[in-house]
Each structure stands twice: as C-alpha cells, then as structure tokens.
Amino acid sequence: INPDRIASGVARHLRLRRSTRQNMAENQEEVTMKKSVFFGALTAAAGLAAGVAAAGTLDDVKARGKLNCGVTTGLVGFAAPDANGEWKGFDVAVCRAVAAAVLGDGSAVEFVPTTAKTRFTALASGEIDMLARNTTWTFSRDVDLKFTFVGVNYYDGQGFMVPKDLGVSSAKELDGATVCIQTGTTTELNLADFFRSNNISYEPVPIETNAEAQQQYLAGACDVYTTDASGLAATRATFEAPGDHVLLPEIISKEPLGPLVRHGDNEWGDIVRWTLNALITAEELGVTSTNMAEMMAGTNNPEINRLLGTEGTLGEMLGLDADWAANALAVAGNYGEVFAANIGEATSIGLARGLNAQWTDGGLLYSPPFR
C-alpha cells in the first residue's frame, strides 16, 4: 500500500467535495468578526451577573413557583422536546431534580432554549436561574465571566464525525477539509489548536445550533462535524442511516460538562451543587427510584439516612425541607438511572459509562460526603 497515494486520494476527495459548495463557504474574516461580537457581548453580560445574583435566586424561584432552566435548543438524549412537547434528557433531568428539591415538584420548570451565543447572557441577566446545557467548565468562564460551575455531570472530550465514504480514518488526514463548527464555543478554539499543532489547514463553516449543524453536514456543506463526542453520538443517532457516518478515534480536549449559576449567590449555588451530588451519591449508596420509599423508613447506613432526610438537618442547612434530596431522586432516580434512561448503552445513543462511572468502578464520578 502506497501511503502517499492514499493521502493524495483523500486530499483529492476533499477538494472535489469542496468544489460543489463554493457558494456555501465562509471565509476566516467573517468568523473572526463573529468571534469579536460574541466575546464583546459576553464581557457586557458578565457585568450583569453579580447584581442579579445579589437578589437571591432561591427566593425568586419560590415566589415564582417554578425554576427557569436554560438548556440547549435541542440535542436528543440531553435536552429536547418529545412529540408531545415535553422536554426530556440527561440535562433536563438535572433541572427537574433541582425544581423538585426546591419546590417539591419536578414539573415546575420553564425550559429556556439557549444557543452557544445566548446561554451566558441569559444566565448573567437573570432570565434563567441555572444553565444545564452541555457547557464546559473553564478558567475564563469561571473567573472572567463570573459563573460558578457547581460540578461535573458528564466528562467529555471533543471528537470528529465524517461520512464513511470520505475514506478517512484519522483526524490528522483532514488537511484542507471544511468543518461545521459552533461559534463561541471551546470546540471552536480546540479545533484551531489541533489543526495548527498538526500543521494542517481547514475551512470553518460557522453554525449556531446543533440542528443547523446537522442540516449543513447532511447537505454536504462540510466534510466534518466537530463537537463534544457525546453530542456527536446523540446527533448521529437521529440520522436515517447512522451507519454511514463514523466517529474518528481522536479525542482532542477535556470537556468537563456541568450545570452553572451566577457568582455571588452562594446559597443558590449550594442547592444546585448538592442536588447534583445527591443524584451521584444515591447511585454510590444503592438508593434507587424503586427502593427509596423502603429506605426512607430507615436504614442501618447513617449517610443514606442523612441523604434522604430521615436523620440530621441537612435540608435545614440549605433552607429546604428535610426530604429535599428524596424529592429530587423521585423525579428520575439516581445518576446511573438518569444516564441509562437517556444516553446509556441501551438507548439509540449508546454511550458507555467510561469516565462517567462511579469512582468505585474506575470512573471519575465522585461526590463529597453527606455529613
């Protein structure tokens, strides 16, 4: 096999694909301009966060009688409305758990769809109380934009999806490819770093939502779609012929995804943080949606008792009812149950637990103790 001939063939294939969509190509100057506008908006939004947080989000949610939760515009398995308009998914379950912990009702949620560009402004301005939208925890988002990431609910990494007939088996073979990329994301920056470090070039095709990316990719507007690997798997699962598309082996970044709130409202941050921890701890301790009622009658494990509110005063410390965590767990079960039902191996998305397994099973999932 002649490697030079293979590389030449792939490059020729990419050139032919690009020639059919010259009118769809976006130049780098436009992308740079969009970045400038985006980051300028974020700087302005960050200035709003501290003032809004000072108002006391817990009081606002209780007075309103519902939680305003920011989610994606639609990513099957993570957050998307079903045929009846009811929001379902892995991130949706976190929103509903927080609503149940605070209000005793997991359905008391207003889901607010946000794009990669609008999500931070929506949170900083107070339009939403929390954001659960496959968002990566980074230094600048924490320190500069003034958001508090309360934990990680999915350990991810950026990957690449290509049509099988492109004949590519590695991202390092994508020299000259056109790439569908969501603007204003860590994905956009990681992509530039990867291609630069491997001394290869690409043409960006800017998109704003996963739905737009899917449409452009399937229409042949780009050779490659890149985003978090979990998002690629979720997107591919919706294709008519998912087997015609492959995820390349490279994972080029760390993407710790998790819910976030505004800086300056520690009481509210504690509630969202410990609601997520309750889902994680429940799985570790063997508390499930099917045995929780029995366990609330009392167990020999003091931490289970504290978690479920039959012992201790943890709810009181949060300003919530004693059974706040039990209410959260009653919505969709523990972390493992939520994972399995929405994105696990038995679903069309088919994700293995991997890094998202409990620490006792070799994963990274780990909650501080309920004590």
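In the predicted model, helix α4 (residues 90–103) packs against helix α14 (residues 324–332) at an angle of about 145°, the two axes lying 7 Å apart. Helices here are DSSP runs of H or I with at least four residues, strands are runs of E with at least two, and both are numbered from the N terminus. The axes are lines fitted to C-alpha atoms, for helices over the stretch in contact, and the angles run from 0 to 180 degrees between N-to-C directions. The crossing of α4 and α14 is right-handed, a crossing being right-handed if the near helix is turned clockwise from the far one by less than a right angle, and left-handed if anticlockwise. On the side of α4 the contact is made by Arg96, Ala97, Ala100 and Ala101, and on the side of α14 by Trp324, Asn327, Ala328 and Val331, where contact means heavy atoms within 4.5 Å. These residues of the contact divide into six nonpolar, one polar and one charged; in this division Ala, Val, Leu, Ile, Met, Phe, Trp, Tyr, Cys and Pro count as nonpolar, Asp, Glu, Lys and Arg as charged, and the others, Gly among them, as polar.

Residues are numbered from 1 along each chain as its sequence is written, and side-chain values use heavy atoms, with hydrogens and water left out. As this is a predicted model, local features need pLDDT of at least 70 and side-chain atom pairs count only at pLDDT 80 or more, whereas totals for chains, interfaces and linings use all residues.

Helix α4 also takes part in one of the two disulfides that the structure holds, a disulfide being a pair of cysteine sulfur atoms within 2.5 Å. Cysteine 69 is joined to cysteine 95 with an S to S distance of 2.1 Å, and the link is left-handed, with -55° about the S-S bond. Because cysteine 69 lies in strand β1 (residues 67–72) and cysteine 95 in helix α4, the pair ties together parts that are 26 residues apart in sequence. Cysteine 69 is buried, with a relative accessible area of 0%, and cysteine 95 likewise counts as buried at 0% relative accessibility; buried means under 20% relative accessible area, exposed over 50%, and partly exposed in between, with a 1.4 Å probe and protein chains only.

The other disulfide joins cysteine 180 to cysteine 222, again with 2.1 Å from S to S, and this link is left-handed with -100° about the S-S bond. It connects distant parts of the chain, since cysteine 180 belongs to strand β9 and cysteine 222 to the loop between α8 (210–218) and β11, 42 residues apart. Cysteine 180 is buried at 0% relative accessibility, and cysteine 222 is buried with a relative accessible area of 0%. With the bonded cysteines of the protein chain numbered in sequence order, the pairing is 1-2, 3-4.

Strand β9 is part of an open sheet of five strands, ordered β10-β9-β11-β8-β12 with mixed pairing. Strands β10 (202–207) and β12 (245–247) stand at the edges with a single partner strand each, so one side of each is left without a neighbour in the sheet. The twist averages 30° from one strand to the next. Two strands are taken to pair if DSSP finds at least two bridges between them. Strands β9 and β10 run parallel and are joined by six bridges, among which valine 179 has proline 204 of β10 as its bridge partner. Strand β9 (residues 177–182) also pairs with β11 in the parallel sense, over two bridges, and valine 179 stands opposite valine 224 in β11. The pairing of β8 (residues 158–163) with β11 is antiparallel and extends over four bridges, with threonine 226 of β11 as the bridge partner of phenylalanine 160. Five of the five residues of β11 (residues 224–228) are buried, so this strand is largely enclosed by the rest of the structure.

Most residues other than glycine have a negative phi. Asparagine 199, although not a glycine, has a positive phi of about 55°; it lies in the loop between α7 and β10 and counts as exposed at 70% relative accessibility. Asparagine 134 has a positive phi of about 25° and is found in the loop between β5 (130–131) and α6 (139–143).
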